[in-house]
Amino acid sequence: QVQLVESGGGSVQPGGSLRLSCAASTSIVSFYAMNWYRQAPGKQRELVATITRVGTTTYANSVKGRFTISRDVGKNTVYLQMNSLKAEDTAVYYCNPNPSDYWGQGTQVTVSS
């Protein structure tokens, strides 16, 4: 059983930055691609960023150039650096090993003036 714990969310003003962390209870970060998803109220869950086993990264068009996904395999942790935040980035953010049905509790990000 894999446990995922997301943290680092909070409330920031537009243009601000946050760094999210996703700590895994096993070394799954080393062996799986890792995704960050987000879900805003009343909307479907959206794939935001992916890092593959070999470190290749991909991003949703809406966050490209503003968000950066990375990982520390020694710490079994994946990060999402979010810069130039916008109101439309407001959502609960989740990490997810791909492919798997493992999900954490999520961390809330609120961008508001």
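Select Cys22 and Cys95 to begin: they form a disulfide, with their sulfur atoms 1.8 Å apart, where a disulfide is a pair of cysteine sulfur atoms within 2.5 Å. By this rule the count comes to one disulfide. The torsion about its S-S bond is about 50°, so the disulfide is right-handed. Cys22 lies in strand 3 and Cys95 in strand 9, 73 residues apart, and the pair thus links distant parts of the chain; strands (E, at least two residues) and helices (H or I, at least four) are DSSP runs, numbered from the N terminus. Cys22 counts as buried at 0% relative accessibility, and Cys95 counts as buried at 0% relative accessibility; buried means under 20% relative accessible area, exposed over 50% and partly exposed in between, with a 1.4 Å probe and protein chains only.

The model in the viewer is predicted: local features need pLDDT of at least 70, side-chain atom pairs count only at pLDDT 80 or more, and totals for chains, interfaces and linings use all residues. Residues are numbered from 1 along each chain as its sequence is written, and side-chain values use heavy atoms, with hydrogens and water left out.

Next, select Trp36, Phe67, Leu80, Met82 and Tyr93, which touch the most other members of the largest nonpolar core, a set of 28 residues. Such a core consists of buried Ala, Val, Leu, Ile, Met, Phe, Trp, Tyr and Cys residues joined through side-chain atoms within 4.5 Å. Among the elements that give two or more residues to this core are helix 1 (28-31), strand 5 (46-51) and strand 7 (67-72), while strand 3 gives the most, with four residues.

Now move to the aromatic rings, where a search of the whole structure finds two pairs. Rings of Phe, Tyr and Trp (its six-membered ring) pair if their centres lie within 6.5 Å, and planes under 30 degrees apart count as stacked, over 60 as edge-to-face and the rest as tilted. The ring centres of Tyr37 and Trp103 are 5.2 Å apart and the planes stand at 65°, so this pair is edge-to-face. Tyr37 is in strand 4 (residues 33-39), whereas Trp103 is in the loop between strand 9 (91-98) and strand 10 (107-111). Trp103 is partly exposed, with a relative accessible area of 34%.

Finally, select Arg45, which lies over the face of Tyr94 at 4.2 Å from the ring centre; a charge sits over a ring if NZ of Lys or CZ of Arg is within 6 Å of the ring centre and within 35 degrees of the ring normal.
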